[in-house]
Amino acid sequence: MKPTIGLEIHVQLATASKLFCSCPASSFGAPPNQNICPICAGDPGVLPVANRQAVERLIRMGLALNCAIAERSVFARKSYFYPDLPKNYQISQYDLPLAKGGRLQYFSGGEKRTARIHRIHLEEDAGKLLHAIGAQELAFSLVDFNRTGVALAETVTEPDFNNAQEANDFLTTLRTTLRSLNVSNCDMEKGEFRVDVNVSVAPEGAALGTRVEIKNLNSFKAVRDALEYEIKRQKEALAGGEKIRQETRLWDVKNAATEALRSKEEASDYRYFAEPDLKPLIVSREWIERVRGGLAPLPVSRAESYEGRLGLGSKEAQTIAFHEDSGVAALFEETVGLCSVNGQAVEPKTAANWILNDLLGNLKDKNRSVADSGMTAERLAGFLKLVRAEGLSSRLAKDLFAKMLADPALEAGSAFKASGVTLLSSEDALLVFIREALQENPRAVEEFKSGKERAIQSLVGAVMKKTKGQAHPQKLQELLRRELTR
Ligand code: ZN
Ligand code: MN
């Protein structure tokens, strides 16, 4: 039995105003029904005007996902009757969407995969119903229209996923991609990235089974859990000779189960027709090409260049390129740029290690982003150059890095000075300790002389111990080798 999964993702576009009026798009934290006007509240006789910024965002998204952008697309009325939709229809796009036929590459289980994008269209969001205030259940429902009319991009994929993990990995890549494009903040807690899944199960090689839709999944965990539950439920039903009903189900987090909501609507239930209050949406070739010219590279191509051009391991490359905080990739690239000598990147691996181990570890503890850590490319590059130039031991370097994280105004140079560490680099002083160490460790000396290169490490350690870690590591290596080979 093979599961087949398709995804529909509603993403709130990052725009200043709503899709068809000038009300502010963001109402987070605002009192209910504050950001509304006759247009988004659906009063009779008003005329919507399409938001240029929303159209531009969707073009950018469509191009990044390799879609064809339609120079002429059409807004359509999608009728349904629900109290959060004051017009009793949603303005969406139907047979002529703005973007069609794309694909997005992503990594799953260490392998690069491609999911096909069926279409991406523009539509307006609905309002919110309140059935409770805090813990207090209401005997009635309240409606907040602040979100009504906010610009959404609805992405519909082809049924190209066969398990929950693939769907999950595609979705995290999509979110990183949209964030790096500044198309949407994709904040799932604010409902800016909402997922519907379609899932069916059928014997290997057979035609697709009857599909069930699970709507409004608001976290990646919910997507994975709901899919795993539903695949199991369908397999068991089919094994028991039951038929799967085409229906819409809800994911009940509390009971960790899907439950039937309604039989699935067909397109005809929505009575789509072209929106008479809006002209067809015409976007010029020049506009599309201008947007294409401003596109930043996608996470997949970033990961490939980190691995190929900069020599990172594939895991490191992917972790940086696909990090949900797009500031991570930006910091890495800028730092590598600043550390370049004659266009040649100097130790990108070192930069990656500091970012992955020390910076991200620290931020994770405090739930902060790179942007608010105060760690800029200039500071990090300054730090890396100092560590190199002074040949700092990893313990000293770590101390210094921690100080810079604690104080965003502190530059590597002054942090190093303030640390009071003066590395012991005078030849005379170092030789005293080195000669002592050689006398005390005759076996290591023998081993080194008989060709065991690694034996030098224990001698380095011995000198470091005598100097309380303050010997200049590069000088020490040089002098030690000189003494051993003379
Ligand atoms: Zn409005
Ligand atoms: Mn929709």
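**Close-up 1. Charged side chains over aromatic rings.** Here the charged end of Arg52 sits over the ring of Trp287, 4.2 Å from its centre. Lys78 takes up a place over the face of Tyr270, 4.4 Å from the ring centre. A charge sits over a ring if NZ of Lys or CZ of Arg is within 6 Å of the ring centre and within 35 degrees of the ring normal.

Before the next views, a note on the source: this is a predicted model, in which local features need pLDDT of at least 70, side-chain atom pairs count only at pLDDT 80 or more, and totals for chains, interfaces and linings use all residues. Residues are numbered from 1 along each chain as its sequence is written, chains are lettered from A and ligands numbered from 1 in the order in which they are written, and side-chain values use heavy atoms, with hydrogens and water left out.

**Close-up 2. Aromatic pairs.** The structure holds 14 aromatic pairs; rings of Phe, Tyr and Trp (its six-membered ring) pair if their centres lie within 6.5 Å, and planes under 30 degrees apart count as stacked, over 60 as edge-to-face and the rest as tilted. Among them is the edge-to-face pair of Phe107 and Phe322, at 5.6 Å centre to centre with 90 degrees between the planes. This pair links distant parts of the chain, 215 residues apart: Phe107 belongs to strand β6 (residues 99-108), and Phe322 to the loop between α6 (314-321) and α7 (327-338). Helices (H or I, at least four residues) and strands (E, at least two) are DSSP runs, numbered from the N terminus. Is Phe107 buried or exposed? Phe107 counts as buried at 18% relative accessibility, and Phe322 is buried at 17%; buried means under 20% relative accessible area, exposed over 50%, partly exposed in between (1.4 Å probe, protein chains only). Elsewhere, ring pairs join Tyr80, Tyr94, Tyr270 and Tyr272 into a cluster.

**Close-up 3. The zinc ion (ligand 1).** Its protein donors are Cys21 (SG), Cys23 (SG), Cys37 (SG) and Cys40 (SG), 2.2 to 2.4 Å away. Donors are N, O and S atoms within 2.8 Å of the metal (3.2 Å for Na, K and Ca); water is not among the atoms, so sites may look incomplete. The four donor atoms subtend angles of 102 to 114 degrees, which makes the arrangement tetrahedral (all angles between 85 and 135 degrees). Cys23 is buried at 7% relative accessible area, as is Cys40 at 4%.

Note on methods:
Tetrahedral: all angles 85-135°; square planar, octahedral: opposite > 155°, others 65-115°.
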